[in-house]
Amino acid sequence: MRKTIKKIQDYKKEGKKITALTAYDYSTAKYIDKFVDLILVGDSAAQVVLGLDSTTLVSIEEMLVFTKAVSRGVENALLVADMPFGSFQVNKEETMKNALLFIKSGANAVKLEGGSDLMIDNIKHLTQNSIPVLGHLGFTPMSVNSLSGHRIQGKDFEKTLNILKEAKKLQEAGCFAIVLELMPSESSKFITQNLDIPTIGIGAGVHCDGQILVSDDLFGKYDRFKPKFARQYINLKEGMLKAVENYCTDVETGVFPNSEESFELDVEEVKKLENYR
Ligand code: KIV
């Protein structure tokens with residue numbers, strides 16, 4: 001059975017760190033699901049799956065395909081889907097309609113970036129109508145243009161306090177947890193200590209109630225950009241390159257496929273083929 005929202009929230013009270021990763025396809029989701037508490041179908045799919053330059057470019061249709069595939073691989077973790085840019089910067093009825101598409105595709109909750117008044121109203125509408133919401137503050141990749149690049153947020157007392165104020169509004173609007181991205185450890189610690197709901201950090205230091213990474217960064221698979229905060233646990237890119245190189249050599253030298261990798265006819269049938277004129 002998948003983890004419940006309550007379970008994720010209880011971890012904060014128990015002092016157990018929440019483990020989370022992104023996934024975009026069935027088999028990766030299945031492996032990740034053996035260990036983590038929460039899986040996010042992140043809109044980082046724009047970059048790591050689709051090769052686009054910005055998360056703002058992924059469509060709702062594309063995100064729904066990834067969500068359905070991941071959902072088929074998830075049994076244990078809570079599954080959250082990112083609502084893409086444009087799908088929730090609309091009125092609350094439209095936001096609800098779009099959020100429902102993700103829930104119907106197998107997600108247990110949706111994630112919305114930002115803490116503006118429009119976001120708060122839309123989040124309230126979702127949570128009051130049985131759609132759990134994960135908030136996302138600090139650096140919000142969809143706002144990369146208005147934030148003028150990948151900048152660290154909450155860099156002084158005033159700015160940290162502003163993020164806390166937004167976080168409290170998200171909490172009041174019914175968010176079950178909040179992702180805090182790209183901010184100093186002391187800022188996320190202050191925000192975490194002043195909220196009842198858990199925080200899940202990415203590039204936000206060790207004091208958050210949990211951590212999330214883009215799985216392609218952990219696997220060493222995406223090589224266009226390596227964030228300072230990401231830790232690579234395996235070099236899948238090197239492994240994949242070596243495997244493909246070896247495969248091509250084996251095909252070219254006739255070493256692949258071997259007899260165990262081939263199907264054979266009965267001897268009698270082979271004779272008939274050989275004697276056919
Ligand atoms: O899309 C994404 O990968 C995210 C990160 C916070 C994990 O939103």
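Visitor: With Ala, Val, Leu, Ile, Met, Phe, Trp, Tyr, Cys and Pro as nonpolar, Asp, Glu, Lys and Arg as charged, and the others, Gly among them, as polar, how does the lining of the largest pocket divide?

Guide: That lining holds 19 nonpolar, 11 polar and 10 charged residues. This is a predicted model, in which local features need pLDDT of at least 70 and side-chain atom pairs 80 or more, while totals for chains, interfaces and linings use all residues. Numbering runs from 1 along each chain, and side-chain values use heavy atoms, without hydrogens or water.

Visitor: What volume does that pocket have?

Guide: The largest pocket has about 890 Å³, counted as the space filled by probe spheres on grid points joined across faces, edges and corners. A pocket is an open set of points on a 1 Å grid over the protein atoms alone where a 1.4 Å probe fits, with protein on both sides within 12 Å along at least five of seven lines, and lining residues have an atom within 4 Å of a point.

Visitor: Which residues are closest to the centre of the largest pocket?

Guide: Among the 40 residues that line the largest pocket, His150, Glu181, Phe225, Pro227 and Phe229 are the closest to its centre. Two or more lining residues come from each of α3 (45-48), β6 (177-181) and β8 (210-213), where helices (H or I, at least four residues) and strands (E, at least two) are DSSP runs numbered from the N terminus.

Visitor: And the second largest pocket, what is its volume?

Guide: The second largest pocket has a volume of about 510 Å³, and of the 23 residues lining it, Gln211, Ile212, Leu213, Leu218 and Tyr233 are the closest to its centre. The lining of the second largest pocket draws its largest share, four residues, from β1, and its residues divide into 16 nonpolar, five polar and two charged.

Visitor: Switching to the backbone, which peptide bond is cis?

Guide: The bond from Phe256 to Pro257 is cis, with omega near 0 degrees, and Pro257 sits in the loop between α10 and α11 (267-275).

Visitor: What about phi of Leu182 and Ser130?

Guide: Leu182, in the loop between β6 and α8 (185-193), has a positive phi of about 55 degrees although it is not a glycine. Ser130, in the loop between α6 (117-127) and β5 (133-138), has a phi near 70 degrees, again positive in a residue other than glycine.

Visitor: Leu182, buried or exposed?

Guide: Leu182 counts as buried because its relative accessibility is 14%, whereas Ser130 counts as exposed at 67%; buried means under 20% relative accessible area, exposed over 50% and partly exposed in between, with a 1.4 Å probe and protein chains only. Of the 277 residues of the chain, 47% count as buried.

Definitions and conventions. Nonpolar A, V, L, I, M, F, W, Y, C, P; charged D, E, K, R; others polar.
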